[in-house]
Amino acid sequence: MKNFLIRNFIFVIVLVMLITPALSFAQTGEGNGLIPCGNTGQPDCNFKYFMDLVNNVIKFILFTLAVPIAAIMFFYAGFKMVTSAGSAESKTQAKNIFSNAVYGLVFVAGAWLIIRTILLILGYKGDWIGF
């Protein structure tokens, strides 16, 4: 039964990974997609729009992916800790999951700071940061 659930879970994950690119669009007709230039009625692409693209990708990874995944991992580790029933091995696994989720968030925040610094060095103003 456990192998059946794992195989089905992996199948669903792979299916979602294959379908997602078909459902996502880099550019919409209104100009508020990933690339806000280049279509008819829109300005020509330049360095500012390239930096806007980098900003949109960073925001997506940082806020749309990293934080919710970390929250799910914290929830899973907490659930594993609560349901460990005194098992030292389960508690150790839960603590490892907690610490790895924190390390991942610190890594993502550090990468964001490095990219922000590089963009500022390249001359892109930091008004896009948002907080």
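Predicted model: local features only at pLDDT ≥ 70, side-chain atom pairs only at ≥ 80, totals over all residues.
The mean pLDDT of the protein chain is 78, and 80% of its residues reach 70 or more.

The secondary structure is quick to list. There are three helices and zero strands, so reading from the N terminus you simply get α-α-α. Of the 131 residues in the protein chain, 20% count as buried. As for contacts, take those in the protein chain with a separation of 6 or more: 33% of them come from residues 24 or more positions apart.

Now for the pair to look at in your viewer. Two packed helices are described by the angle between their axes and the distance between the axes. Here the pair is helix α2, residues 47–82, and helix α3, residues 88–121. Their axes come within 9 Å and cross at roughly 165 degrees. Since angles over 145 degrees count as roughly antiparallel, that makes α2 roughly antiparallel to α3. The crossing in which α2 passes α3 is left-handed.

And what lines that contact? The residues of the contact of α2 with α3 divide into 21 nonpolar, three polar and three charged.

How values were computed: Residues numbered from 1 in each chain as written. Heavy atoms only, no water. Axes fitted to C-alpha atoms, helices over the stretch in contact; angles between N-to-C directions. Helix = DSSP H or I, 4+ residues; strand = E, 2+ residues; numbered from the N terminus. Parallel < 35°, antiparallel > 145°, perpendicular 65-115°, else oblique. Left-handed = near helix turned anticlockwise from the far one by under 90°. Nonpolar A, V, L, I, M, F, W, Y, C, P; charged D, E, K, R; others polar. pLDDT = per-residue confidence, 0-100. Buried < 20%, exposed > 50% of the residue type's maximum accessible area, 1.4 Å probe, protein only. Contact = heavy atoms within 4.5 Å.
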